[in-house]
Amino acid sequence: MNQTEKKKNSILKTTFQLLNEKAISAITVDEIAEKAEVSKVTIFKYYESKNKLMKTVIMKAFEHMGEDVRRLIASDLNFEETYKGITKMKFKQLERYTPQFTENLMSEYSNDPDFFDTDTMALQMQVYEELFSKGQREGKISVNLTQDDFMFILNIFVEGIKGLSAERLFDKTELITNFFINGLSK
């Protein structure tokens with residue numbers, strides 16, 4: 001890895017750590033430069049502004065999450081195992097991405113509704129469409145359920161688990177997965 005890549009990685013890693021600890025408004029370029037052991041000029045050379053740096057770090061995290069989910073969906077796992085894997089992965093992300101990071105992501109999105117570009121949103125939708133199709137092909141999702149219905153239920157599920165601790169979610173992964181897949185019937 002050359003010096004340029006080392007500096008960029010240091011800046012991104014430091015910014016990620018700070019986004020997990022503080023609100024974006026409380027993070028300064030001076031602080032990032034000091035902790036990353038680079039100059040402010042270097043930061044501006046690579047990222048032009050604090051806002052572009054924040055967006056880059058948040059988008060890289062978002063893309064990483066999406067890649068993990070896509071790999072699980074494309075795997076040879078059946079729908080139930082795939083869903084369990086996605087659920088476990090999302091719970092692990094709760095440890096990596098603190099509530100502060102999520103708040104930073106949401107504040108960026110609320111301040112800039114175009115924060116997630118159309119390509120990013122289309123990619124996310126494609127991932128869930130693939131999961132939905134896999135479930136229907138295997139008979140785990142009713143053919144009477146539409147993709148829109150699936151997304152609606154998934155959104156309720158995701159929003160509802162945000163207030164729970166990661167430890168409790170890990171302990172209940174099997175229960176949550178079985179409920180999502182089978183409802184209250186099993």
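What is the relative accessibility of Phe101? Phe101 counts as buried at 1% relative accessibility, where buried means under 20% relative accessible area, exposed over 50% and partly exposed in between, for a 1.4 Å probe and protein chains only.

The views show a predicted model, in which local features need pLDDT of at least 70 and side-chain atom pairs count only at pLDDT 80 or more, while totals for chains, interfaces and linings use all residues. Residues are numbered from 1 along each chain as its sequence is written, and side-chain values use heavy atoms, with hydrogens and water left out.

**View A. The fold consists of ten helices and zero strands.** Read from the N terminus, the elements of the protein run α-α-α-α-α-α-α-α-α-α, each helix being a DSSP run of H or I with at least four residues and each strand a run of E with at least two. Of the 186 residues of the protein, 37% count as buried. Among the contacts in the protein with a separation of 6 or more, 67% are between residues 24 or more positions apart, a contact being heavy atoms within 4.5 Å.

View B. The protein has five aromatic pairs, counted where ring centres of Phe, Tyr or Trp (its six-membered ring) lie within 6.5 Å, with planes under 30 degrees apart called stacked, over 60 edge-to-face and the rest tilted. Phe16 and Phe101 form a tilted pair, with 5.4 Å from centre to centre and 55° between the planes.

**View C. Tyr46 and Tyr47 form an edge-to-face pair.** Their ring centres lie 6.4 Å apart, and the angle between the planes is 75°. Both Tyr46 and Tyr47 are buried.

**View D. The second largest pocket is lined by residues that include Phe16 and Tyr97.** The pocket has a volume of about 190 Å³. Its lining also holds Asn9, Leu12, Lys13, Val57, Lys60, Ala61, His64 and Arg96. Two elements, α1 (3-21) and α4 (50-74), each give two or more residues to this lining. By class, the lining has five nonpolar, two polar and three charged residues; Ala, Val, Leu, Ile, Met, Phe, Trp, Tyr, Cys and Pro count as nonpolar, Asp, Glu, Lys and Arg as charged, and the others as polar. On a 1 Å grid over the protein atoms alone, a pocket is an open set of points where a 1.4 Å probe fits, with protein on both sides within 12 Å along at least five of seven lines, and lining residues have an atom within 4 Å of a point. Its volume is the space filled by probe spheres set on the points, which are joined across faces, edges and corners.

**View E. Helix α2 packs against its neighbours through its buried residues.** In α2 (residues 29-36), the buried residues are Val29, Glu31, Ile32, Ala33 and Ala36, and these pack against α1, α3 (40-47) and α4. Asp30, also in helix α2, counts as partly exposed at 46% relative accessibility. Asp30 and Lys40 are ten residues apart in sequence, and their C-alpha atoms are 6.5 Å apart in space. The helix is followed by Glu37, whose phi is positive, near 60°.

**View F. Thr14 of helix α1 touches residues that include Ile32 and Ala36.** Lys35 is touched by Thr14 as well, when residues up to four places away in sequence are not counted. Thr14 counts as buried at 6% relative accessibility, and a polar atom of its side chain lies 2.8 Å from the backbone oxygen of Ser10.

**View G. Asp68 is a buried residue of helix α4.** Its relative accessible area is 17%. Leaving out residues up to four places away in sequence, Asp68 touches Met89 and Gln93.

**View H. Glu48 lies in the loop between α3 and α4.** Glu48 counts as exposed at 56% relative accessibility. The side chain of Glu48 makes a polar contact with the side chain of Lys52 at 2.8 Å; such a contact is a pair of N or O atoms within 3.5 Å, of which, within protein, one must be able to donate a hydrogen and the other to accept it, and residues adjacent in sequence count only if both atoms are side-chain atoms.
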